[in-house]
Amino acid sequence: MASVEKHQKELIAISDQIWALAETAFEENQSSKLLADYAEKQGFKVERGVAGMPTAFVASYGSGKPVISVLGEFDALPGISQKAQPTKAALTEGGAGHGCGHNLFGAGSLGAAIAVKELIESGKIKGTVKFFGTPSEEKYFGKIWMVREGLWDGVDANISWHPSASTKADVQSSLALVDFKVEFFGQAAHASADPWNGRSASDALELYTTGINYYREHVKPTVRMHYHIQDGGQVVNVVPDYSRLWMRVRDTKRSGMMPVYERVKKMAEGAAIMANVDYKISLISGIYEVLVNREGGKLMQQNLELLGPITYTDEEIAFGKKIQEVTKKEQVGMDSAINPLEETKEHPGGGSTDVGDVSWNVPNINLGVTTAPKDTPWHSWAVVACGGMSIGHKGMLYASKAMAMTMTDLYEDPKALEKVKAEYKERKGDEVYEAIVPEGPPPIPSDSKK
């Protein structure tokens, strides 16, 4: 705790700089450098540009076992730029914003790693600590390529957190996801003079989305399917010869997701046949559901109870209530209560994260910490606003402390670490992890290779 407080001004400054930069997937050049440079300044050995990604890095300190790692994300979301105020107003018109709080995520996790590093340096604990700077969680899921590269080989346990509207040891899973692109190729023609000479790629796209929407009635409630039409034709008087759709399929289990994925791929072929066009399916990436670790959750829960809830000033509570008013939520302010450890649900709702892929390769302990008011719409301007002011800062520093305390428990208590590892092995069972990525390097935009 003392270490986090000692470094809090620098951690807040780094978080605020990343918040203002708001760099998106694989474009996080300055954000990554801020974190890597500060880790290096604190005595970590930093390896940059790992796993073929210029903004991915690993910062390590210490030697021998146990090896405990912590994750840090730092990418923003496009189109939700926002000032640090409780009413909607873009900081940069049309710009990106940290609507998932990753500016806090990266800096907070680094704070925990530094606290552990200082304990190793002083001789109070023995082992190795690693901070993984992980890019592009919001779009391409950069951790998959880091896992594929074997970067967690030899790591005994991993810690992760995420900004949230509540504070708790997270013992719920996430949704497995597969991300792919569907393209249709037809024949252009004049839409009025000779449409019979055309083969419409747009027709195929519409037939495909119609099929997807009819299919929704016949999938299990745990399945999610959603798409974004990226190109449906350019002008009204031309039969389009090209169309493109970005598609995602999710389920609470990878085993449930894959059959749905196979079915919707066949539906693309059917749409192409009906429209008499050609088609192409390109895998972008896919991620596993999080493999829960309750033994780690118990350790985290104990430390949350030791720390107690975050306290807020009248001004911070008013800020939160104003956001709730503007987003039409009940004006109840902040929720940082420490509730009992939840039961793990077999089929949780929510989103997806590439932390899942890490969790199938090393025992993973998750934490959520309040950084925005209760019921705040996530991936929105409201989360961006809180991430650039004291509500977000308090949550970030709290997360640093909780993670550092839990990591220290694993260094100091070999039996606790063995319980975490034993549960991981039991839950994983005979499942053989297979990364859901196409062959070749990560899809780095050409102008990002700096």
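1. The second largest pocket holds about 300 Å³ of space. This volume is the space filled by probe spheres set on grid points joined across faces, edges and corners. A pocket is an open set of points on a 1 Å grid over the protein atoms alone, where a 1.4 Å probe fits, with protein on both sides within 12 Å along at least five of seven lines; lining residues have an atom within 4 Å of a point. Lys253, Glu289, Val290, Leu291 and Trp360 lie nearest the centre of the second largest pocket, among 16 lining residues.

2. The model is predicted: local features need pLDDT of at least 70, and side-chain atom pairs count only at pLDDT 80 or more, while totals for chains, interfaces and linings use all residues. Residues are numbered from 1 along each chain as its sequence is written, and side-chain values use heavy atoms, without hydrogens and water.

3. The largest pocket has a volume of about 1,400 Å³. Its lining comprises 48 residues, with Cys100, His162, Gly350, Gly351 and Ser352 nearest the centre. Strand β5 contributes the most to this lining, namely 5 residues. Strands are DSSP runs of E with at least two residues, numbered from the N terminus.

4. Asp179 belongs to strand β7 (residues 176-185). Its relative accessible area is 0%, so Asp179 is buried (under 20% relative accessible area, with a 1.4 Å probe and protein chains only). Beyond its neighbours within four places in sequence, Asp179 is in contact with residues including Lys139, Trp246 and Arg248; contact means heavy atoms within 4.5 Å.

How values were computed: Helix = DSSP H or I, 4+ residues; strand = E, 2+ residues; numbered from the N terminus. Buried < 20%, exposed > 50% of the residue type's maximum accessible area, 1.4 Å probe, protein only.
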